[in-house]
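Reader: Hi! Could you help me learn how to read a strand and a pocket in a protein model?

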Amino acid sequence: QLDADTSRSAIPYSTISLPKMSEEAASSAAMISMITESPTVTASTEHKICNVSDYQIAARSLLPTPLYEYLASGTDDEQTLAENESAFKYWYLRPRVMRPVGSISTATTLFGQKLSLPVFISPAGVHALCDEVHGECASARAAQRAGTLFGLSQHATRSIEQVAGACDAAQGRNANLWYQCYILKDRDMTLRLVRRAANAGYRGIFLTVDSVRFGFREADARNGWSALPEPHRLVNYDEEIANKPQSSESKKSSWLSPEASVDKTKIYAGDEDAWDQNTEQLFEQNPTWEDVRWLKREACHDLPLIIKGIMTAEDAIEAVKAGADGVMVSNHGGRGLDGALAAIDALPEVVAAVGDKVPVLMDSGVRRGTDVLKALALGASAVGIGKPVFFALAVGGENAVVNLLQILQREVEAAMAICGVESVADAKRSLVTRHPNGGVTRYTRSKL
């Protein structure tokens with residue numbers, strides 16, 4: 001949550017240094033002294049990384065306020081942002097005892113691809129804001145080392161091919177990379193980007209459908225975060241514009257033309273107070289389910305296509321009718337429509353509608369191993385994490401992201417053991433319930 005203080009003066013984006021450590025944060029710098037493979041990582045002399053949320057606490061002391069709030073904030077009143085996490089507390093586990101749990105496995109399979117745990121890195125852009133040197137390459141290698149899936153955003157700061165190459169070169173392991181796309185006004189560019197991912201060896205495609213418009217983030221407007229700070233670039237767009245000349249006719253109709261100066265386009269800056277309102281003007285404003293059929297037919301007929309941003313049973317059914325191989329329950333981490341249900345509360349109706357036909361994934365609000373187990377019990381095949389990856393990157397780069405995933409794996413395994421669940425497939429709906437009093441008791445963490 002952001003501070004209630006609204007009196008901060010706006011800071012022009014060009015003055016933001018990213019994300020170099022200030023002298024003020026130097027005392028916290030001891031926190032990055034060493035990232036080990038142990039689930040408990042020293043974050044500072046006073047604070048240890050013991051859980052996922054600890055990374056956000058640590059990152060806040062390291063990052064400039066405008067950047068931290070860009071990563072952490074939601075839209076409008078941030079109701080959905082807050083409830084994404086708190087809603088998990090209103091689902092209760094029903095532990096079963098006297099069951100064999102001596103051979104617990106957190107491994108699962110998704111579209112024939114083996115994951116060491118049912119947690120993956122959701123696609124989210126601009127990782128270089130937190131790791132200037134490696135960007136998305138660090139996050140992808142971390143997922144590879146942890147044995148799970150990495151989703152590369154169309155708004156990445158490293159190219160489709162760079163990320164694939166970084167993983168190919170890492171310890172000779174086979175990476176599980178997926179690519180996330182939007183339907184752009186420039187339909188040819190949409191297809192070219194997806195085809196590049198397929199040619200680079202990506203194993204699946206996420207199509208994000210909840211971003212015809214982005215929600216307004218007041219924190220970004222107050223902080224002057226209206227553009228992507230230099231020297232960062234959305235490199236996949238840059239490469240397409242530079243390398244793919246268009247016909248004179250398509251130049252007239254395409255919002256992005258090779259003759260345009262990319263620095264002046266709304267990819268990087270614009271007239272709006274918040275950056276997302278500038279970048280959203282890239283996207284098709286009149287999409288239909290026929291676009292899903294088109295994308296599946298033209299660019300990813302040999303790859304699984306997951307429709308990301310589904311929050312209702314009706315849309316889940318339409319997605320499957322249109323040829324989706326799976327759906328992903330997500331409210332964009334509380335960065336889209338404020339007042340929408342928490343993702344975990346939207347999950348049951350989507351599973352009831354299509355869970356017997358296609359895998360159902362989810363993200364938004366996952367912070368604990370018990371959150372993961374609750375989602376699995378409600379019918380999710382796997383869950384994604386987004387914001388925590390940025391905070392881990394800021395604290396300790398690739399190794400910290402590996403540690404983040406190890407923390408979740410340890411917590412999932414412990415929750416499974418205590419609940420009498422030996423495999424991911426054994427997490428059934430009977431494992432979770434609402435509170436007997438209707439689940440209206442406000443969750444409060446005890447103060448030790």
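**A pocket and a strand**

Author: Happy to! Let's begin with the pocket lining: in the second largest pocket, helix H11 contributes the most, with 3 residues. Keep in mind that this is a predicted model.

Reader: How much space lies in the second largest pocket?

Author: About 340 Å³. The pocket is lined by 20 residues, and those closest to its centre are Thr208, Val209, Asp210, Val212 and Pro287. Strand E9, helix H11 (289-298) and strand E10 are the elements that each give two or more residues to this lining.

Reader: And how many residues of each class are in that lining?

Author: Sorted by class, there are 11 nonpolar, 5 polar and 4 charged residues.

Reader: Now the strand. Is E10 enclosed or open, and why?

Author: To judge this, we ask how many of its residues are buried, meaning under 20% relative accessible area. In strand E10 (residues 305-310), 6 of the 6 residues are buried, so the strand is largely enclosed by the rest of the structure.

Reader: Which strands are joined to E10 by bridges?

Author: One is E9 (residues 204-208), which runs parallel to E10 and is joined to it by 4 bridges. Here Thr208 stands opposite Lys308 of E10. Another is E11 (residues 326-329), also parallel to E10 and joined by 4 bridges. On that side, Ile306 has Gly326 in E11 as its bridge partner.

Reader: What unit do E10, H12 and E11 make?

Author: Together, E10, helix H12 (residues 313-321) and E11 form a β-α-β unit, and it is right-handed.

Conventions:
Residues numbered from 1 in each chain as written. Predicted model: local features only at pLDDT ≥ 70, side-chain atom pairs only at ≥ 80, totals over all residues. Heavy atoms only, no water. Buried < 20%, exposed > 50% of the residue type's maximum accessible area, 1.4 Å probe, protein only. Pairing = 2+ DSSP bridges. Right-handed = clockwise from strand over helix to strand, strands pointing away. 1 Å grid on protein atoms, 1.4 Å probe; cavity = no way out; pocket = protein on both sides within 12 Å on 5 of 7 lines; lining within 4 Å. Points joined across faces, edges and corners; volume = space filled by probe spheres on them. Nonpolar A, V, L, I, M, F, W, Y, C, P; charged D, E, K, R; others polar.
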